[in-house]
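Take a walk through one protein model.

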Amino acid sequence: MTKLSQLTRYSAFAAAIIFTLFSLLAVVSWSAWYLVPFFIFGALSLVGLHDVRQTAHSVLRNYPVMGHLRFLLESIRPEIRQYLLEDDHGEEPFSRDQRSLVYQRAKGQEDARPFGTKKHVYESGYSWVTHSMQPTHIEDTDFRVTVGGKDCTQPYSASVYNISAMSFGSLSANAISALNKGAKMGGFAQDTGEGGISRYHREGGGDLIYEIGSGYFGCRTENGEFSPERFAEQAKRDQIKMIEVKLSQGAKPGHGGMLPAAKITPEIADARGVPMGKDCISPASHSAFSTPIEMMAFLGTLRELSGGKPVGFKLCIGHQREFMCLVKAMLKTGFIPDFIVVDGTEGGTGAAPLEFANHVGMPMVEGLQFVHNTLRGAGIRDQVKIGVAGKIVSAFDIARVLAIGADWCNAARGYMFAVGCIQAQACHTNHCPVGVATQDPLRARALDPEHKSHRVARFHRETLDALGEMTGAAGLTDPSHFMPHHLMMRQSDRCMVQGNIAHPYLPEGFLLDENASDHDGYKDRWARASAESFNPPEFI
């Protein structure tokens, strides 16, 4: 009896063989119409025969034919979860509520919610903006910040909510085109990502932030080093408004990348300045500089070659001392970048090793607070604008980071939702079902750039309108006036704390004052930081 029960795992395979033989007999005895089931069951029989002979999958060898159900259900698990099982607040990585908010604003639909909040307001982690008894009304919600210090001859008036770095190659041509045309309509900027400036960036006419990664795509020599001549050619275009050097990316800091030769199209090769037929490598670190002082000199070169445009860098905070090395180099050389973009580990990516995505890099809020207070401690916070990126899709998300210390925000996946992303999480497979993150021309053609560009502009406009209403509710006249004390957060079920306690602004210049008190080890790290090297003192 036990042996018989064990053999039931072959029942599907056996049934396929029996029905194949029966269908063949029926074809001979009754009707040619039985060829249909004959071919169906015959195919299943061949599948079962292959399953018992192959050695790669134990499940299929023990459960021929039937075992394929496991792989089928596994392949559609994300869809089953998203459409049937997911609640409104489960963030994997964006909740249904967050995605719906973007979709509704992008489409111009009603985004109000009935019956009150679904949030658990007495649970740890809940946060809110404190409102005023004297709210204000803000007519113009085109909130902007001027980026560019005293040595910048072409400062840029940037929106407080822009499109974060996404390369052509990661996104389809139609997605890049829709985003840039939407940025043009809405008067905000699109970060090119490190993949260079494609014709789809240029055709839309929207403002661009030119990101330069370690591969120097679009401004490289044949052997992959930085080319001043090619950079100057790119950077002096009127459409390029700012220059951003990418040190690290939140989703995979300290990790390089590779675009396989098979995925490199002629258009990608042209935008990146790489040859066809060879893997495109992004090293983990830059070759143009290796010390903090050399990096400041490199940024100075970029400002000069670009004709005086704002120059800065993007990073996810890792070793806090290393960022202090950069700040010391700023003080020693006298070169102050115009801006710094802080990317959080919660940021997005087309593909990243799981360990890097989950366990490497500092989250955005802590990274922003550290950068903001380090610049304050060095006495140069007023000379450097700070941008942030990391799951920012709502007006509250923007208000919160502005209060903690940011000057503007970038979003990638929020704008991807605006052009139709459904969070299928198939970005790395080239099988994006909506044509956003793919280089398959048949899939990409599903995305209409003209139609989606209006959604991009509308999402930006309505989000800033909502930010204006929230700013007014706090009794302020501009979101730049948000301070930590405008935030409240619940640390435990029975304890709430004011934002200026959870996210304090540390004293101006305290890192330079020997008599000033230390704060959470800032001065200890500052003492160990060097402008000459990123290495700790014990290794210099």
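**The second largest pocket**

Six elements each supply at least two residues of the lining of the second largest pocket: α7 (96-107), β1 (127-129), α15, α16 (395-404), α19 (449-473) and β14 (487-492). Helices here are DSSP runs of H or I with at least four residues, strands are runs of E with at least two, and both are numbered from the N terminus. The model is predicted: local features need pLDDT of at least 70, side-chain atom pairs count only at pLDDT 80 or more, and totals for chains, interfaces and linings use all residues. Residues are numbered from 1 along each chain as its sequence is written, and side-chain values use heavy atoms, without hydrogens and water.

How is empty space found? Rolling a probe the size of a water molecule over the atoms shows where it is left. On a 1 Å grid over the protein atoms alone, a pocket is an open set of points where a 1.4 Å probe fits, with protein on both sides within 12 Å along at least five of seven lines; lining residues have an atom within 4 Å of a point. The second largest pocket holds about 1,700 Å³. Its lining counts 40 residues, and those closest to the centre are Lys119, Ser127, Ser394, Phe396 and Asp397. Helix α16 gives the largest share of the lining, five residues. By class, the lining has 15 nonpolar, 13 polar and 12 charged residues. Asp, Glu, Lys and Arg count as charged; Ala, Val, Leu, Ile, Met, Phe, Trp, Tyr, Cys and Pro as nonpolar; the others, Gly among them, as polar.

Now follow α15, residues 364-377. This helix has 14 residues and reaches 20 Å from its first C-alpha to its last, close to the 20 Å expected at 1.5 Å a residue. The expected span is 1.5 Å times one less than the number of residues. Because 13 of its 14 residues are buried, α15 is largely enclosed by the rest of the structure. Buried means under 20% relative accessible area (1.4 Å probe, protein chains only). Just after α15, Gly379 takes a positive phi of about 80 degrees.

Next come the strands. An open sheet of three strands runs in the order β1-β14-β15, with antiparallel pairing. Its edge strands, β1 and β15 (495-498), each pair on one side only. Strands pair if DSSP finds at least two bridges between them. Three bridges join β1 to β14, and Trp128 stands opposite Met488 in β14.

Elsewhere, β5 (residues 189-191) pairs with β6 in the parallel sense over three bridges. Asp191 stands opposite Ile209 in β6. Five of the six residues of β6 (residues 207-212) are buried, so this strand is largely enclosed by the rest of the structure.

Methods
Buried means under 20% relative accessible area, exposed over 50%, partly exposed in between (1.4 Å probe, protein chains only). Grid points are joined across faces, edges and corners, and a volume is the space filled by probe spheres set on the points.
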